[in-house]
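Here is a short briefing on one protein model. Look at the structure first, then work through the points below.

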Amino acid sequence: MKQEMPVKVNDYIDIEFVDLTHQGQGVAKLDGYPIFVPNGLPGEKARIKVVKAKKNYAHGELIELKERSPYRVDISKEEEHKYGGCQIHHMTYEGQLKFKQNHVEQVLARIGGLENVTVHPIIGMDNPWHYRNKAQEPVGEKDGKLISGFFKPRSHEIIPTDESVIHMEEVNEAIQVVKEVCNEFNISAYDENHHTGMLRNIMVRYGKQTGELMVVLITRTEKLPNKEKIVNQLVARLPKVKSIIQNINSERTNVILGKKTKLLWGEDVIYDKIGNVMFRISPLSFYQVNPVQTKVLYDKALEYADLSGEETVIDAYCGIGTISLFLAQKAKKVYGVEVVPAAIEDAKLNAQINDITNAEFEVGEAETVIPIWAEKGIHADVLVVDPPRKGCDESLLKTIIKMKPKKVVYVSCNPSTLARDLRILEDGGYKTIEVQPVDMFPQTAHVESCALLIKK
Ligand code: SAH
């Protein structure tokens, strides 16, 4: 028998929001049937229009707010283009922090079965604006001029912007200058429908502590008319620029960066400092985007590791060695592993430039390399993981359980996979002592956490 859906497309209905998804969409329920609506906040009543209706859920569009949340802030239509990527900018910062705290607690309980674990109050920012040291904007054309911005949700239509409220001012400025200069030299925007045109994306990175700027032009072909003149103009108009790079992506793909990178001017890396450690950052390596909160997060990881100087530490997913080098200052020996070869090259050089001699790095998957280390007799007293959103590979968790480090410090950018992995570690003999959420990404729905586990 075909089950009746409680709503159909184009229905107008009155609902009350009871929750937020992890992407920051409002959730209403009709007898348990969830309706997801961007821009709705818990406690609000609204009239919505159903835009998609499936057997188990529906999507709606907010038509009229009938009761407002005390956490709501209004942004005018004219300002909206400055809020690209900001899924929860319609909440006060206090509301955002409350939402993230709740989210971490709920997910740990629901997915991890960790009802009684201590979750400390989230550490937010004093100034939750203009914190990002990196921007990556798709390029298009409007009225014969280059534009850049962000994609309208669930589409490839670019909303043009000349400023973002979360990028550092230097980053905003650099993107503007790149657009101006490329316009002056009639560079065309990449057209993804016909796979023609030149400039696909503009990427900018800025080292807040060093004042060094990197510009990356992502182009479809290696050929770029007036390349030298463009570079000269960028150098003239961006006094902080230290590195200008071309990245070539000739594929028909949504992936932003291509495999080939060419140095156009200056250095092939920029530097930045977190605490007392200097890092070289190459265009393709992962580097945290919020330097203020990164320091807070790494300090927490270090505090949880609680090193005396006698320990062997493994840093899985080490990137360019950021956490590893922090740990190395307090440990006997640190081993870092990371899958991106360029990042490991950076990690080794980072150890050198900071005169850190007790850190070793190896390229490979953590789940493959760490068991090989174990066979060679390398056993960690403390093991740190900082995986991407999908969490740790299950075989790595099994390796950890077999290796039995006294402590595991789990740094996570996704509470759901954190909860799933903590459950596996708990079942393998670990106890989750405490979890500290840190707000690395204000105005967005993302939340970072650091968890401490001890071998039972
Ligand atoms: N700890 C670093 C990097 C964290 S981001 C920092 O704070 O800067 C996660 C890193 O894991 C990325 O650099 C990514 O390239 C790497 N990675 C992804 N899958 C991996 C795997 N299976 N094994 C090892 N590293 C992996």
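Glutamate 338 is buried, because its relative accessible area of 12% falls under the 20% cut-off. This glutamate sits in strand S17. The model is a predicted one.

- In UniProt, an unreviewed entry lists Glu338 under "binding site", together with Gln288, Tyr317 and Asp386.

**Tyrosine 317**
- Tyrosine 317 lies in the loop between S16 and helix H5 (322-328).
- Its relative accessibility is 17%, so tyrosine 317 counts as buried.
- Neighbours within four places in sequence aside, the contacts of tyrosine 317 include Glu338 and Asp386.
- Also among the contacts of tyrosine 317 are Ala366, Glu367, Pro387, Pro388 and Leu396.

**Helix H7**
- Helix H7 covers residues 366-375.
- Its buried residues are Ala366, Glu367, Val369, Ile370 and Trp373.
- Just after H7 comes glycine 377, with a positive phi of about 95 degrees.

**Cysteine 413**
- The unreviewed UniProt entry gives Cys413 as "active site".
- Cysteine 413 is found in the loop between strand S20 (407-412) and helix H9 (415-427).
- With residues up to four places away left out, cysteine 413 touches Pro387, Pro388, Arg389, Val447 and Glu448.

**The whole protein**
- The protein has 9 helices and 22 strands.
- Of its 456 residues, 54% count as buried.
- Why does a radius of gyration of 24 Å agree with a compact globule? A compact globule of 456 residues would have a radius near 23 Å, so the value of 24 Å agrees.
- The C-alpha trace spans about 65 × 65 × 45 Å along its principal axes.
- Among contacts with a separation of 6 or more, 65% join residues 24 or more positions apart.

**Surface and charge**
- The protein exposes about 21200 Å², and carbon and sulfur atoms supply 49% of this area.
- There are 59 positive and 63 negative charges, and their mean positions are 3 Å apart.

Methods
Residues numbered from 1 in each chain as written. Predicted model: local features only at pLDDT ≥ 70, side-chain atom pairs only at ≥ 80, totals over all residues. Heavy atoms only, no water. Helix = DSSP H or I, 4+ residues; strand = E, 2+ residues; numbered from the N terminus. Rg over C-alpha atoms; globule rule 2.2 N^0.38 Å. Buried < 20%, exposed > 50% of the residue type's maximum accessible area, 1.4 Å probe, protein only. Contact = heavy atoms within 4.5 Å. Areas by Shrake-Rupley, 256 points an atom, 1.4 Å probe, with all protein chains shown as cover. Lys, Arg positive; Asp, Glu negative; His and termini not counted. Charge placed at Lys NZ, Arg CZ, Asp CG, Glu CD. UniProt positions renumbered as here; feature names shortened; annotations may be inferred.
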